[in-house]
Amino acid sequence: MRVDIRNLTRTFGATRAVDDISFSFGAGEVFGFVGPNGAGKTTTMRILATLDEPTAGDALLDGISVVQEPEKARHRIGFVPDSLPTHSDITVEEYLDFFARAYGLKAAKRHEVVAEVQEFTNLTGIREKLLKALSKGMKQRVCLARALLHDPPVLILDEPAAGLDPRARIELRELLRALAAQGKAILISSHILTELAEICTGAVIIEQGRILRAGTLENIIAESQPARRIVIRPLGQPEGLHRELLQLPHVSAVALTGNEVSLEFAGNEEEVCELLAELIRRGHRLAEFRQPKSNLEDLFMSVTKGGVQ
Amino acid sequence: MSGFVSILDSLDDAMSPVVVKELRQAVRGRFIVMLLMAFLATQLVTMGIALLVGAENAAADTTAMGRTTFLWLFGILLGTCLLCIPLYTGIRLGVERSDSDVDLLFITTIRPRSIILGKLTSSMLLTLLIFASSLPFMVFTYFLRGIDMPSIFVLLAAGLLAIAVMVCLAIMLATLPVSKPFKVIIGLNFAFGGLPALPVIMAFAFSFLQGGGGSRITTGTFWVGAAITLVFTTAACVVMLAISVAQVTPPAANRARPVRLALFLQWCVTLAGTTFLVVKSSDQRPLIAWMIAQVALLTITAIAATSERHQIGARVANEIPVNPLGRVAVFPFFSGSASGLVWSALMILGSIAVLPLIIKLVMPLTPSNDYREAILWAGDYAIYLFGFVLTAMAIRDAGAFTRIPQSRTWILVVLLMLASAFIPVAGWILFGGKTPFGKDMTIWMLASPIPNPEEPQMARYIFGGIWLAIVLLVRRNWFAERFASFRRAAPAA
């Protein structure tokens, strides 16, 4: 399964909610869709879920266009919107049974699928509970279960972790990991970037309808940071080390923070090793020498301006 | 045993998911249970009182006791169902429409039509449940004398029909894309507007029983009347349901098609029913009333068409036939302002043109000129209607009144019509005597959308005709562009 978003554009009057965006992801991948409020994430996801139509461009699910063949595309998509079910007088099992019927599943198969999905999402114990009696985390699991009923190869989740407590977030993360391991292609938007960073294999950063960065997490972080950041903590006073680092090749932006020295290094992995060897040769006793990993949060803050439309 | 289970499973699968869900929720919810219990208690008390009064007056004439008791029970039944069932249905659908659950249904295999029909079916099943619970009491009145069994069932059927109409109306109002406060206002209007239906039906029931309606059940006249009532109410229900389906259909789809097809269907069916009435009564007035009603209904579609999108999306374009003749034939049945205007114009033209044809056909010797006057009046009105509609669209597209979005162009049409109807009247009152044409209302009312049947129409026809020709000329490129872009979308590269 491959999801290809091609030059997707959606305008509302004079506003370009989504402006010529293209990216793709495939089976087993979890793609984070990141951007400030009003960036165009929900609009893109609704187009992918066939609930909205692009002004231009298309999205293909293994070659099936969501514009030209929405009925076919629907069988391949499970969509979890950013709102929770509001039905009050219906149990978890009845709710899932309703959607299973709506997906056209017949009697025996329907019972089997509902039971399986309930077990997978850990809802079996609360299947007789009314929806109104569920916590937000449980309702979110019900939403995920609903999206899985027809076993879609593509899952689209719009802010699934919003408002969840830490435990519910961890449970959701584990479920998504399991689904990715089953080979589902997952696109997930969230404001909780630390959560996304832990499960995503790739990300798309979008602002004012335009893509700022897209690709695997490693690639987009590497693209955003041409120089490596290195932090060194010597034993004793760091001033001498600071002075010497300024004279070494590939080194720039040397800064002293407490008893640590941080720097930007333009060399490759080999040259990083040589830098470390050189410092030791020069008699510096180093307690720590590390390359802190940039995370999605840093990346997001560095590439976005917080602009909304 | 397994055969029986598989039959049950097949039946279960055949049921609409919406009906299953609605009935589950209704059974679980407190409203329906409380309503049913309160209703049963009231019926029981009413029956008890009737029996007690009957026993006390045993010596007196008790021949009307069954009829009186039935009317009480029938009133309670209708009052309960006419108010509670449509309100329950409308509120539930309105609440569901305000969250994303209806949206979610569209990514399943379920169709918008199934959602609306499911709502109607479940509401009517609840109504039948209440009817069934009251049936023993109703039938018991037969043994109290003064009422016959056919009358009981005819009146119950009439009541059921009235409730179906009200439920369809409630569904239609609940699907309207308006804000919550506005929905509350509509709901209250509906609740208090729906109640007058009760005395009307009760008056009918009373006269039906008094006139011995049950004894006429074997006559042709009875069945003709029943069939015509059924045709007209069904046509009204179909139109309301089609509007509801269009409202819950995603904007990316061809939302106009179900509405226009339903309106076309009701046009044909009601025309057939009215023609039958004209033949039976040798009176042309039902046909004139039909034409006026159709023109009024189509006025709404013409004004609404101005607010439809100008360009159709790729998903809708995918349904356009490739064949040029097919394109022309289906153009009026597609979403889009140009299609809507063409469809409304054709339907209004058809409604006016069919009147003389049918009257000549079924009443060749009629001496009355009523229908000719009605045609002239309707023609005058139609010319002005399209003059206003196209003028408002031209003003809106020229960039004026940009605070009114394109999807609300209908407001501009209504404002123009109101201004043209009332400003000349004010002018006539204030300055009538000071102008060269003095107090002559004809000149003052030349731009009014409502023709005056008392005034000569030639001036209005000339003025309206020139006006319409000018706006059509101004909009010709717009129409040409709309039709040129009305073609199947090219497949994605």
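**View 1. A:Val154 meets its bridge partner, A:Ala185, in strand 8 of chain A.** This is a predicted model, where local features need pLDDT of at least 70, side-chain atom pairs count only at pLDDT 80 or more, and totals for chains, interfaces and linings use all residues. Residues are numbered from 1 along each chain as its sequence is written, with chains lettered from A and ligands numbered from 1 in the order in which they are written. Strands (E, at least two residues) and helices (H or I, at least four) are DSSP runs, numbered from the N terminus. Five bridges pair strand 7 with strand 8 (residues 185–189) of chain A in the parallel sense; pairing takes at least two DSSP bridges.

**View 2. Strand 7 (residues 154–158) of chain A is largely enclosed, because five of its five residues are buried.** Buried means 20 or more other C-beta atoms, placed from the backbone, within 10 Å of a residue's own. A:Leu155 and A:Leu157 point one way, and A:Val154, A:Ile156 and A:Asp158 the other. Strand 6 (residues 77–80) of chain A runs parallel to strand 7, joined by four bridges, and A:Gly78 has A:Leu155 as its partner.

**View 3. Here's the side of chain B that touches chain A: 29 residues of chain B contact 29 of chain A.** Contact means C-beta atoms, placed from the backbone, within 7 Å. Helix 2 of chain B gives the largest share, six residues.

Methods:
Contact = placed C-beta atoms within 7 Å. Buried ≥ 20, exposed ≤ 12 C-beta atoms within 10 Å, placed from the backbone.
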